[in-house]
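Keep the structure open beside you as you read.

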Amino acid sequence: MRVGKLINPFILFPFAFLFLIGTYSLGWSNLFPKLTVITYIFISVLCSLFLIIGFVINKLGIISYFNLTKEKIEKEKPLVVILILSILFFLDVAYSGVVPIFAGDIDQYESFGMPIVDPLILSLIIFYSIYWFHIYLSTKQKKFLFYILFNFIICILMARRAALVYVFLSFLFLYVQKIKNVRVVSLVIIVILIVGFSSLFGYLGNAKAGLDDDHATTYMGASDNFYKTGVANVHYITYLYVCSPIANFQLTINKKDYKDSFGALIVGNYVPDFIANKITNLFDIKWENRDIEMVIDVLNVGTYFVGGYVTYGWLGVAISCLFMIFFAFSIYFLYPKSSPYQSTVNAFLCAIFLMALFANVFRLSAVCFVFIIPLFINFVNRIKLFSNNIK
């Protein structure tokens, strides 16, 4: 089955959205409301629009996968990156006074992180994990898998589940682009990895909330439909985290109340958070998660689109859709198919498009920095080339 052409954010997003709605309809949680007709109309129109754009992108050949050249790989210095990551991680821990995975309660977990340093660590982990995996696919040099494993250890110690999701999704997309045809064995391996990752995600979710598996199902609304499946309790937390954004989005729509603030729409949804925080403090333009209706407090996201709704109603949601399109085409302009980083960047772009089904990831510092890192690398390389020419 040829699926390489599916590794396109505008094609993956509609299929993922429809799959998410199907998962939501399993009814494993008593906490979730029924989706209304207007929500189904929005999903249908958005998915149709994105599919059209996706097919046009494929027709124009904007996205391309190719193996990295030996010359390009030889210039890489992974041990230097690992050293920088180690120093930054120890600075982060020293500043916060705790390693998140060993934090005693949720307050310690949420207070972890040195400004700028923490998102920079995550950006480096995400970018270089994906890029090194691209190198591994190009060369089969196993040492790059060990470099990636080091990144994973740091990420797990920081209890950053979202970063792991970005990376694993990006790995999957790169792999599919590389092989182009997915065999049955590959599908079985992918399913096994998804189940394993679901268990890890559920465990980290329980650790963050201070719950065990039985508490998670008993006190967080597991329905009879869930118990009848015989699925392990740890996967229920994954189900909650995966489907609760849709539930929160629907609850917020049901409230039919929004701020009607264009400034809050722009600053609160599209401006990178490290810049937006300064603007909101200066001009007092802001909205917060408490503006979102939530099934329970710990599940506090409502898809990327909920921010547009609470600040500017359905028009805000429409503008948010247009911003996604603008964002993606800006990335393809910066990283055309002639760029050695396009495959890495495209895989990550596909991942954040899927993560937009859960939260607004476009304004996160860690996400923004990932797209800046290759530009910075190119800038440094040009300076080196200019210096060598002078000599």
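Ala, Val, Leu, Ile, Met, Phe, Trp, Tyr, Cys and Pro count as nonpolar, Asp, Glu, Lys and Arg as charged, and the others, Gly among them, as polar. Keep in mind as well that this is a predicted model.

**The second largest pocket**

With those classes in hand, look at the lining of the second largest pocket: 15 of its residues are nonpolar, three are polar and seven are charged. The pocket holds about 970 Å³ of space. Its lining is made of 25 residues, and those nearest the centre are Tyr128, Phe376, Ile377, Val380 and Asn381.

Which helices each supply at least two residues of this lining? They are helix 3 (70-74), helix 4 (78-96), helix 6 (117-139) and helix 17 (365-390). Helix 17 gives the largest share, with 12 residues.

**How the helices pack**

Two packed helices are described by the angle between their axes and the distance between the axes.

| Helix pair | Angle between axes | Distance between axes |
|---|---|---|
| Helix 1 (residues 9-24) and helix 2 (residues 37-60) | roughly 150° | within 7 Å |
| Helix 6 and helix 16 (residues 342-355) | roughly 125° | within 9 Å |
| Helix 4 and helix 7 (residues 143-157) | about 10° | 11 Å |

Take helix 1 and helix 2, whose axes cross at roughly 150°. Because angles over 145 degrees count as roughly antiparallel, helix 1 is roughly antiparallel to helix 2. Their crossing is left-handed. On the helix 1 side, the residues in contact are Phe10, Ile11, Phe13, Pro14, Phe15, Phe17, Leu18 and Ile21. Their partners in helix 2 include Tyr40, Ile43, Leu46, Cys47, Gly54 and Asn58. Sorted by class, this contact has 17 nonpolar residues, two polar ones and no charged ones.

Ile126, Phe127, Ile130, Tyr131 and His134 of helix 6 touch Ser343, Thr344, Ala347 and Phe348 of helix 16. Six residues of the contact are nonpolar, three are polar and none is charged.

Helix 4, another contributor to the pocket lining, packs with helix 7 at an angle of about 10°. The two are therefore roughly parallel to each other. Pro78, Leu79, Ile82, Leu85, Ser86 and Phe89 in helix 4 meet Phe144, Tyr147, Phe150, Asn151, Ile154 and Leu157 in helix 7. Here the classes come to 10 nonpolar, two polar and no charged residues.

Finally, have a look at the backbone. Most residues other than glycine have a negative phi.

Notes:
Residues numbered from 1 in each chain as written. Predicted model: local features only at pLDDT ≥ 70, side-chain atom pairs only at ≥ 80, totals over all residues. Heavy atoms only, no water. 1 Å grid on protein atoms, 1.4 Å probe; cavity = no way out; pocket = protein on both sides within 12 Å on 5 of 7 lines; lining within 4 Å. Points joined across faces, edges and corners; volume = space filled by probe spheres on them. Helix = DSSP H or I, 4+ residues; strand = E, 2+ residues; numbered from the N terminus. Axes fitted to C-alpha atoms, helices over the stretch in contact; angles between N-to-C directions. Parallel < 35°, antiparallel > 145°, perpendicular 65-115°, else oblique. Left-handed = near helix turned anticlockwise from the far one by under 90°. Contact = heavy atoms within 4.5 Å.
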